[in-house]
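Subject: Structure for your review

Dear colleague,

Please find below the structure that I am handing over to you.

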Amino acid sequence: FDDAVPVSFLQTQEAVGGALNVSTLTVNAGANKEARIVLGDADAAFSLALMESGNFEVRHRENPAFVVTSQGDVEVYGKLKTKKNLRIGGQMNFMGVPQWLLAVHEDFNLEPVGWSNHTTSSCGNEMKKMLGGFGQFSGGETHKTYRGLPPHNQIRVKATYHFIDSWAGETAYAKLDHKVIWTDSHDQQTSKVGVQICGSPAPESKFAVPIDVVIPHMCEEGGPCSLTVHFGSTLTLPPTEQSWGVSDVQIFVR
């Protein structure tokens with residue numbers, strides 16, 4: 001129809017009393033034009049718009065607030081609040097910045113699966129388990145390969161490393177795909193104070209140390225994706241004299 005000739009109240013923008021009750025409403029502006037429905041007056045109006053690009057937008061005062069792109073991605077501009085649970089099954093992009101997605105979390109309160117050495121213990125709190133620990137891990141390492149991770153360009157690994165008993169300057173380390181990405185050392189003899197938490201009479205003065213590393217790591221949609229995580233130490237004495245453990249292993253991707 002001719003755009004210059006009003007054929008409905010949607011085009012005339014004149015107020016209509018009562019309500020509109022239809023089973024189907026189609027707004028088609030034509031090729032290379034934006035289709036829009038405006039709600040409210042010009043100063044504080046909300047609008048629903050289908051862009052020429054195929055994106056669907058919810059706007060407030062002509063500023064986009066919520067966008068569904070032609071690829072099916074959802075973009076939120078501004079604060080996102082929820083009073084109930086929010087479940088996200090994929091990656092999230094907020095204000096143009098990709099957000100970290102927690103892909104793996106192991107707290108070892110359940111039986112570990114996939115680790116080359118999967119023994120666990122507790123230290124100071126029976127409710128809190130760690131991989132390894134007193135009497136379990138000394139020199140050497142344990143590792144696990146995680147498969148089926150979501151597609152990503154970066155990976156972030158967080159964990160807590162526990163130094164237990166009589167360390168004498170040896171080194172703790174973590175690896176990703178066989179490359180060292182974190183180290184720390186501890187000498188219990190140089191510590192002036194400590195608290196005996198578990199194990200031998202030697203007090204723990206560096207019991208829980210956070211690991212938090214970010215590295216480039218590429219995995220594409222539909223392709224195989226894996227990551228091998230290692231934790232270890234250069235200890236040489238038996239695990240009843242010096243030992244270590246790891247808890248709360250988390251892997252984030254984006």
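The second largest pocket has a volume of about 500 Å³. Its lining is made up of 18 residues, and those closest to the pocket centre are Val 74, Ile 88, Gln 91, Met 92 and Asn 93. Two strands, β5 (74-76) and β12 (152-165), each supply at least two residues of this lining. Please bear in mind throughout that this is a predicted model.

The surface also deserves attention. Which residues make the nonpolar surface patch of about 830 Å²? They are Leu 20, Val 22, Leu 25, Val 27, Ile 37, Leu 39, Phe 46, Leu 48, Leu 50 and Phe 56. Strands β1 (35-39) and β2 (46-50) each contribute at least two residues to the patch, and the largest share, three residues, comes from β2. Leu 20, one of the patch residues, is located in the loop between α1 (9-12) and β1. Leu 20 counts as exposed because its relative accessibility is 53%, and the cut-off for exposed is over 50%.

Strand β2 also holds Ser 47. Is Ser 47 buried or exposed? Ser 47 counts as buried, because its relative accessibility is 4% and buried means under 20%. Beyond its neighbours within four places in sequence, Ser 47 is in contact with Arg 36, Ile 37, Val 38, Glu 57, Val 58 and Arg 59.

Asn 32 lies in the loop between α1 and β1 and is exposed, with a relative accessible area of 68%. Phe 108 is found in the loop between β8 (101-106) and β9 (120-122), and it counts as buried at 3% relative accessibility.

Finally, I draw your attention to Pro 210, which is found in strand β15 (residues 208-219). Pro 210 counts as exposed, since its relative accessibility is 64%. Apart from neighbours within four places in sequence, Pro 210 is in contact with Ala 159 and Trp 182. How many residues separate Pro 210 and Glu 106 in sequence? They are 104 residues apart in sequence and 15 Å apart in space, C-alpha to C-alpha.

Yours sincerely,
A colleague

Notes:
Residues numbered from 1 in each chain as written. Predicted model: local features only at pLDDT ≥ 70, side-chain atom pairs only at ≥ 80, totals over all residues. Heavy atoms only, no water. Patch = residues over 30% accessible without salt bridge, like charges linked within 9 Å, V, L, I, M, F, W, Y side chains within 5 Å. Areas by Shrake-Rupley, 256 points an atom, 1.4 Å probe, with all protein chains shown as cover. Salt bridge = Lys/Arg side-chain N within 4 Å of Asp/Glu carboxyl O. Helix = DSSP H or I, 4+ residues; strand = E, 2+ residues; numbered from the N terminus. Buried < 20%, exposed > 50% of the residue type's maximum accessible area, 1.4 Å probe, protein only. Contact = heavy atoms within 4.5 Å. 1 Å grid on protein atoms, 1.4 Å probe; cavity = no way out; pocket = protein on both sides within 12 Å on 5 of 7 lines; lining within 4 Å. Points joined across faces, edges and corners; volume = space filled by probe spheres on them.
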